[in-house]
There are 4 protein chains.
Amino acid sequence: MPASDLYAVADFCLIPMGTGESSVAEHIAECQRILEKSGLTFKMHGYGTNLEGPWSEVSKAIHDCHAAVHAKGAPRVATDIRIGTRVDRDTPVGDGNNHKVKRVEEILARDRAAVS
Amino acid sequence: MPASDLYAVADFCLIPMGTGESSVAEHIAECQRILEKSGLTFKMHGYGTNLEGPWSEVSKAIHDCHAAVHAKGAPRVATDIRIGTRVDRDTPVGDGNNHKVKRVEEILARDRAAVS
Amino acid sequence: MPASDLYAVADFCLIPMGTGESSVAEHIAECQRILEKSGLTFKMHGYGTNLEGPWSEVSKAIHDCHAAVHAKGAPRVATDIRIGTRVDRDTPVGDGNNHKVKRVEEILARDRAAVS
Amino acid sequence: MPASDLYAVADFCLIPMGTGESSVAEHIAECQRILEKSGLTFKMHGYGTNLEGPWSEVSKAIHDCHAAVHAKGAPRVATDIRIGTRVDRDTPVGDGNNHKVKRVEEILARDRAAVS
């Protein structure tokens, strides 16, 4: 195996379980504080948070979100992670998720240019 | 069962398979065009697209993305969907995903206010 | 778009939120009862349930699981769905998920035959 | 944060991208070989593989699957991971996913006993 720590472009959605409250905003805010400390590039959206960096660091940051949400009182935590790696070209560090959005937006901008 | 078509706040990440190209931007752009026609509220991010509306319409929109990506040449398509419903309060139509982000941002803004 | 209701091979993991209990077994059992009534092919595993059939029926079955889990008292429900379609060959109805496992097991069986 | 490496009960579905083949069985078989070497408890199903152990080891095993699938020629790999932790009780090591299935099956068996 060539790479010992692949660069990972990821997204995760963490759910505290067994809290007795349907709101999760306080727990998600706690995760944002953890991510801030991680030094990784991240960006929250309506159903999760984009996150990227070396695989082991991305994984550790999400682990630490679990630990922090447990510490805030959630007995159980479940997360859905989407994670991608590529070896055909270098991912611009910290710009992997952003770059994907820009590529799609360029294509859609061509549509509009062609129409007008 | 009370609701015949629950309001769904969702997010999906679609992957064309067997295309022989590692880039998926053209396929994702096609999905954005399909979503535009659906009339639903949606917003692309770095690892998927937020989408919300009546469950059956959200599901049909994602189905139609699959059909469109097949029509563009992908023999196989795999999607990860996160989908949530709630009955404790009404979700503001078209603002479910957005509302969740705002709630977390308000909490984080309080942090900063407390520090300064 | 060629297909009005693509055949879908899927898997889903449903999480009741805001219940105040960390155990979800009663809720998952309720989902199994709903799936039984759906007439679709399904099989529970340790972190979700395989499910397949026409896209609209798969979607409706998962929707009805949400409605049933709400009816049992969960104010909020979040589900992760993996769903795949293909147009390069027909999926044997009710055997799509099973077929994928068999193909991998055949390959691994060849490993063992080659070793012995 | 109390735990430096939470015990994780997980499931993942890996998709090779840009291979030009719609079949993924050879790649999934390669992942099964990697998991075999990891020493972790795992079990393939129709739309993914159950996997459990210390968080860092689960993460490393999935990372190594990515590296192996890249080494077999896939320029890009995307994985969906579901991962759960709990601190309300100890998870029986290697039996976390299995235990969840057994609990649901016990409840469903009571249904059948009540009917007959």
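Q: What makes a stretch of residues a strand here, and which strand holds Asp80(D)?
A: In this predicted model, a strand is a DSSP run of type E with at least two residues, numbered from the N terminus. Asp80(D) lies in strand E4 of chain D, which covers residues 76–86.

Q: What makes the pair of Asp80(D) and Arg82(C) a polar contact?
A: The limit for the N or O atoms of such a pair is 3.5 Å; the side chains of Asp80(D) and Arg82(C) come to 2.7 Å, and the pair therefore qualifies as a polar contact.

Q: How do you know that Arg110(D) and Glu26(C) form a salt bridge?
A: The rule asks for a side-chain nitrogen of Lys or Arg within 4 Å of a carboxyl oxygen of Asp or Glu. The N to O distance between the side chains of Arg110(D) and Glu26(C) is 3.3 Å, so the pair meets the rule. Between chain C and chain D the count is eight salt bridges, and 25 residue pairs are in polar contact across that interface, both residues being at pLDDT 80 or more. On the side of chain C that touches chain D, H3(C) supplies the largest share, ten residues, and by class that side has 15 nonpolar, nine polar and twelve charged residues.

Q: How many salt bridges does the rule find between chain A and chain D?
A: Across the interface of chain A and chain D there are zero salt bridges, although 16 residue pairs, both at pLDDT 80 or more, are in polar contact. The largest share of the side of chain A that touches chain D comes from E4(A), with eleven residues.

Q: Why are E4(A) and E4(D) said to pair?
A: Pairing requires at least two bridges found by DSSP, and E4(A) and E4(D) have eleven, in the antiparallel sense, so they count as paired strands. In one of these bridges, the partner of Arg76(A) in E4(D) is Arg86(D).

Q: What area do the interfaces of chain D with chain C and with chain A bury?
A: Chain C and chain D bury about 2700 Å² between them, 56% of it on carbon and sulfur atoms, while chain A and chain D bury about 2600 Å², with 60% on carbon and sulfur atoms.

Note on methods
Residues are numbered from 1 along each chain as its sequence is written. Chains are lettered from A and ligands numbered from 1 in the order in which they are written. This is a predicted model: local features need pLDDT of at least 70, side-chain atom pairs count only at pLDDT 80 or more; totals for chains, interfaces and linings use all residues. Side-chain values use heavy atoms; hydrogens and water are left out. Buried area is the accessible area (1.4 Å probe) that two parts lose on being put together, summed over both. A polar contact is a pair of N or O atoms within 3.5 Å; within protein, one must be able to donate a hydrogen and the other to accept it, and residues adjacent in sequence count only if both atoms are side-chain atoms. Helices (H or I, at least four residues) and strands (E, at least two) are DSSP runs, numbered from the N terminus. Ala, Val, Leu, Ile, Met, Phe, Trp, Tyr, Cys and Pro count as nonpolar, Asp, Glu, Lys and Arg as charged, and the others, Gly among them, as polar.
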